[in-house]
Amino acid sequence: MITKLNHAEAKKLLDGDKNLILVDVRTKEEFEESYIEGARLLPLDEIEERAGEVLPDKNRQVMVYCQSGKRSKAAAEFLDNMGYKHIYDMGGLIDWPFELIM
């Protein structure tokens, strides 16, 4: 199941649930420029081959994000089709109002 979150909802969930896995689906180059603390890099074009390695437990809560929201939507749908049970799509960092690691 995919749940779309706004940034405030995403931040609240990130701050409150330490078991949540945060996944950045942008490129390595984008990730190296800035990312949300605690995020794991899993570029969209690698999800099919590496999801099982990076996200071995399909019952854990997973939150995905990208730059604008298009790749995170695609990633969330892909993970849903792979059988992941709890997926949150927070969209893009383009207007993320909270702290980033640079």
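Gln61 stands opposite His86 in strand β5. The model in which this pairing occurs is predicted, so local features need pLDDT of at least 70 and side-chain atom pairs count only at pLDDT 80 or more, while totals for chains, interfaces and linings use all residues. Residues are numbered from 1 along each chain as its sequence is written, and side-chain values use heavy atoms, with hydrogens and water left out.

Strand β4 (residues 61–66) pairs with β5 in the parallel sense over five bridges. Two strands are said to pair if DSSP finds at least two bridges between them. The strands and helices themselves are DSSP runs numbered from the N terminus: helices are H or I with at least four residues, and strands are E with at least two. Cys66 of this pairing stands opposite Gly92 in β5.

β4 also has a partner in strand β2 (residues 21–24), and these two strands pair in the parallel sense over four bridges. Here the bridge partner of Val23 is Val64 in β4. Five of the six residues of β4 are buried, so this strand is largely enclosed by the rest of the structure. Buried means under 20% relative accessible area, exposed means over 50%, and partly exposed lies in between, with a 1.4 Å probe and protein chains only.

Strand β5 (residues 86–92) pairs in the parallel sense with β1 over three bridges. In that pairing Ile2 stands opposite Ile87, and the bridge partner of Lys4 is Asp89. β5 is mostly covered, with six of its seven residues buried.

Together the strands form an open sheet of five, in the order β1-β5-β4-β2-β3, with parallel pairing. β1 (2–4) and β3 (40–41) stand at the edges with a single partner strand each, so one side of each is left without a neighbour in the sheet. In a regular strand the side chains alternate between the two faces of the sheet.

The next topic is a pair of helices. Two packed helices are described by the angle between their axes and the distance between the axes. The axes of helix α3 (residues 47–54) and helix α4 (residues 70–81) come within 11 Å and cross at roughly 65°. That makes α3 roughly perpendicular to α4. An axis is a line fitted to C-alpha atoms, for helices over the stretch in contact, and angles run from 0 to 180 degrees between N-to-C directions. Angles under 35 degrees count as roughly parallel, over 145 as roughly antiparallel, 65 to 115 as roughly perpendicular and the rest as oblique.

Ile47, Glu48 and Ala51 in α3 meet Ala75, Phe78 and Leu79 in α4. The residues of this contact divide into five nonpolar, no polar and one charged. In this scheme Ala, Val, Leu, Ile, Met, Phe, Trp, Tyr, Cys and Pro are nonpolar, Asp, Glu, Lys and Arg are charged, and the others, Gly among them, are polar. Contact means heavy atoms within 4.5 Å.

Leaving out residues up to four places away in sequence, Ser72 touches Val25, Val64, Tyr65, Cys66, Asp89 and Gly91. The C-alpha atoms of Ser72 and Gly91 are separated by 5.8 Å, although the two are 19 residues apart along the chain. Asn81 is also found in α4, but Asn81 counts as exposed, at 69% relative accessibility. Between the C-alpha atoms of Asn81 and Asp17, 64 residues apart along the chain, the separation is 24 Å.

Two loop residues remain. Leu42 lies in the loop between β3 and α3 and is buried, with a relative accessible area of 1%. Beyond its neighbours within four places in sequence, Leu42 is in contact with Val23, Asp24, Val25, Ile47, Arg50, Ala51, Val54 and Leu55. Leu42 and Val54 are twelve residues apart in sequence, and their C-alpha atoms are 7.5 Å apart in space.

Ser34 has its place in the loop between α2 (28–33) and β3. Ser34 counts as buried at 13% relative accessibility. Setting aside neighbours within four places in sequence, the contacts of Ser34 are Asp24, Arg26, Leu93, Leu100, Ile101 and Met102.
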